Amino acid sequence: MKLKTRILNLMGKADYIPLDTAHLIDALGLKKKDRRDLNFEITRLLGKGDIVRIKRDCYCIPQDADLITGKIMFRQTGSAILIAEETSEHEKILIAAEDTGIAMHGDHVVVRLYSHQEIRQQKRSNFRKKPFPGRKSDEPSGKVIRILERARTTLTGSLQKSKLFYFVIPDDPRIINDIYVQDPAKSKLKPRPSIGDKVIVKLHDWTQRHINPEGRIIERLGRTYEPRAELKAIFHKFKLETEFPQSVLDEATAIGTTVKAKDRENRLDLRSIPTFTIDPDDAKDFDDALSVEVLDKKEYRIGIHIADVSAYVQPDSALDKEAHKRGNSTYLVGTVIPMLPKVLSNGLCSLKEGEDRLTKTVLLTFSKDKKIINVEFANSVIRSSKRLTYHQAYAFLKEDDIEKIKDLPLPPAHQTGSTGRALKTLSNRELNDLKKWVRALWTFASKLRQDRLQKGSLDLDMPETKIFVDKEGYADRLERIEQDESHQLIEEFMLIANEIVAKELKNARMPCVYRVHDKPDDQKLQELREFLHTSGVKVGDLSNRKEVVRLLKIIKTHPQGHLLKIQFLRSLKRACYRSTPDGHYGLHKQNYTHFTSPIRRYSDLITHRVFATFLTKVHNHPPVVGTSLNYKAARIRSLGEHLSLTEQNSTEAERESVKIKLLEFFERELQKPQKTKFPAIITDVRNHGFFIELVESMAFGMVHVSTLKGDLYRFDHATNSLIGRRSRKSYGVGKKIIVVTERVDRFKRQIDFRIVN
C-alpha cells in the first residue's frame, strides 16, 4: 500500500488523535530512515488540502478540526463561497467579505467553520454586518485561515493613476482589490505602458489584508477596450496559445493541400452522391456533411460524413501532441483558436465545397415509413456539392419561390473559412435539387427528433445571441439565433451517428472516450423546485423524468422562460468525457460518444482512431491511409479527465468573450446620435428598478427606478411590481417595453437601459 494511502487511512480512523511527524512514524510502523519520505508525502498532502496542520505541528483530516478545503469563488460585493472538496459533507460554505482574508478569486484555501454559537453571536452583534441576510439556518459559514495555492500569479487589467501612486484595476470584477505597481516610466518595456493601457501584472506575495496587493507590469497589451487588447487579455487569462510551434506547422505543411490518389485507396467513393454541408454563417471549418440517395422500394440512404482527421494526424507526432494539449478549438467572438493549424482545420480536413475530402461515414437506410432498417460504415471519399448556411437551408425548407432563395446573400468573407458559391450563380435545376434534398433530409430528421423526445430526451434547445464583428474587430451586430428546423436537421443526424458509433464500440469492447452527462443531484432539483415556485411555476418531483419534460414545456411559454431555463441548466451536472458509457441524462441515451467534430475536438479524433480499428478488425474493411489505434483503458481515463478540463477552460473563455463584446456593442450604442430602440420584456422587479431581457438579442440589463420620470414609483410586494403613486402605472414581470441604452459600466460589467415611448 502506498505511503500516501496509509497516512490518509490512519487519519481517517474514528479514534485517530492528531499526531506530529515523530509520532506518525511510530503509528505507521515506519523506520527513522523513512522520515524523509514521510515529510515529502505530508508536504504533498498539505499542498492538496487533503490534510491540515494544527497546533503543535500535528496533522489531521481537515473535517476533524472543523476545517474545510476548497476553491473560493468571490462575488463582486466582496463576499464569497467556498466550493468544498468532494470529500467534504458540505457542498459550499458562505464566507463574508471581512472573512476572506488575503484570498483572491479561484484560490485553493483552508476555511475554519463557524460554530452555531458564533453565528448566533454574529447575528446579535450591532457591530458586525450580517454577511448573508436571509440565508437558511442550516447553511454553514466560515473564515479563510490559509492559502494553499494561488489560482494565478499574473492578471490583466487597466493601468490607472491616483495623486500618489499607479495601480491596475483587474479585468475580473471578482478580484476586488486594485494592484499597486511602480511608475511605468521606470519600466524597461517598449513601448512603455501609459495610463489607460491594458497590461499584464505579475503579482508579488500578498500577506496583509489591510494593504493592497502589489505587482509588476510585465507586458503591455494595447489600449484598454480596443478589440485586440481585450482579445489578448482573454488569451492570457485562459492560457490560450494563438501560435503553433514551428515543428507543428512544418508537419502540417508537409501533408499538402489536396487529396492524392493513394489517399483514396480502399475507400468507398461517394463523390458522385449529392452531398452538402450546413453550418453557421461564420463557420471557419466544416466537420460534417450529409448526402441523400433514393433507393428501390422508396427507401432512402442518408450518409453522415465526418472529416477524417485521423488520416493526417498521426499518434505521438508533433501535430498530435499539440492537438492533445489544446484539447479542442476555442471559439471566441470574431475569432477562433484552432486545435489544428489552419492549413488543416480550414484546409485539407475541412469539407469545403467542390473539393475531394477523406471522411468516416455512417450510412443509414430508411424505409418508406421513416424507420432505420440498415446501418453501414465506411472509410470514404466525398465531394461536397454546396456549402449552405443555416439561413439558406431554412429557406430551402420553407420557401417555394426559387427566385427569393436566389437573393439570399453570402456570409461575409472575413467571418468564415469558406463562403461557397452564391446561390444566384446556381442554375434553377441545382437550386431545385438542393430544395428536394434538404426537404428529404428534414423528413427523416424530424422523425428522429420526434422519437427521441417521446422517449424522454430533454428539449434543451435555447435561442442564443450571436455577436458579429466588423473588419476592425468591433462588435457590429447582434442576432438572435433560433434553433429552428435547419439546426435541428443537422443535430438529429449528428446525435444518431454519435449514439450508433458508441453502441458499436461498446459492443466490440474497444476502449473509447464516451460523452457522459450524470443525473442531477436530488438536492439541486429540490432547490430548483423551490426557486420555480417563487416564479409561479409549480412542479412535482423533478427526479421523475416525465415531470422534467412537463416543466420544460411550461417554461417555453413563461414570461421568464429564458431565465428559468438557464436556472434549470445550472441545476444539472456538467457533461464530461469518461472511459465508461455511464449514460447521458439530457439526451436520455445510455451510450453516447463524440464522433462528429474531429477538426475541433480531440475526443472525436480518438473515437475515429478506435473506429478505424473497429472497421478493420470487426467488419474486415481493408486498411486505409491514416491511423487505427487500440487505446489502453488507463490511457482513455487519463484522456477523459484532461479533455474535460480543456473543454471547461474553453467554455469559460468563450463566455468571457461574449460578455466583453456585449458591453462593447452597447457602449458603441451610447455614442450614436440616434439611439437604437430595443423591444424588451421585464424578467424581475426589485425596489430599485427592474431587470429586462431584450427580445431580439436576449441581452440582459436593468432599468433603474431613477430613470422612470413623471411619477414616484414604489415597489408593491403583493403584485411584485413597481407602481406609480399618481398615475398608478405599473411595471411587472412579463410586461413588454421599449428601451434605449442608458449607461454601460465596463468594470462592473453592467448595462443599464431606460424606457422610451
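Which strands does helix H11 (residues 428–454) lie across, and at about what angle does H11 run to S15?

Modeller: In this predicted model, helix H11 lies across strand S14 (275–279), strand S15 (288–294), S16, S19, strand S20 (372–383) and S21. The helix runs at about 100° to S15.

The strands in question belong to an open sheet of seven, whose order is S13-S20-S19-S16-S15-S14-S21 and whose pairing is mixed. The edges are taken by strand S13 (268–269) and strand S21 (386–389); each has a single partner strand, so one side of each is left without a neighbour in the sheet. Strands of a sheet pair through backbone hydrogen bonds, in either a parallel or an antiparallel manner. Within this sheet, strand S16 (residues 300–307) and strand S19 (residues 356–366) run antiparallel and are joined by eight bridges. In that pairing, Arg301 is found opposite Thr365 of S19.

A further element to consider is helix H16, which covers residues 602–617. Its 16 residues reach 23 Å from the first C-alpha to the last, close to the 22 Å expected at 1.5 Å a residue. H16 is mostly covered, since 14 of its 16 residues are buried. Two packed helices are described by the angle between their axes and the distance between the axes. For helix H7 (residues 318–326) and H16, the angle is about 130° and the axes are 9 Å apart. That angle makes H7 oblique to H16. On the H7 side, the contact is made by Asp320, Ala323 and His324, while H16 contributes Tyr602, Leu605 and Arg609. Sorted by class, the contact of H7 with H16 has three nonpolar, one polar and two charged residues.

Another open sheet has three strands, in the order S29-S30-S31, with antiparallel pairing. Strand S29 (713–716) and strand S31 (730–732) stand at its edges, each with a single partner strand, so one side of each is left without a neighbour in the sheet. On average, neighbouring strands of this sheet are turned by 20° against each other, direction ignored. Strand S30 (residues 721–724) is joined to S31 by three bridges, and the two run antiparallel. Here Ser721 stands opposite Gly732 of S31.

Technical notes
Residues numbered from 1 in each chain as written. Predicted model: local features only at pLDDT ≥ 70, side-chain atom pairs only at ≥ 80, totals over all residues. Heavy atoms only, no water. Pairing = 2+ DSSP bridges. Helix = DSSP H or I, 4+ residues; strand = E, 2+ residues; numbered from the N terminus. Contact = heavy atoms within 4.5 Å. Axes fitted to C-alpha atoms, helices over the stretch in contact; angles between N-to-C directions. Expected span 1.5 Å × (residues − 1). Buried < 20%, exposed > 50% of the residue type's maximum accessible area, 1.4 Å probe, protein only. Parallel < 35°, antiparallel > 145°, perpendicular 65-115°, else oblique. Nonpolar A, V, L, I, M, F, W, Y, C, P; charged D, E, K, R; others polar.
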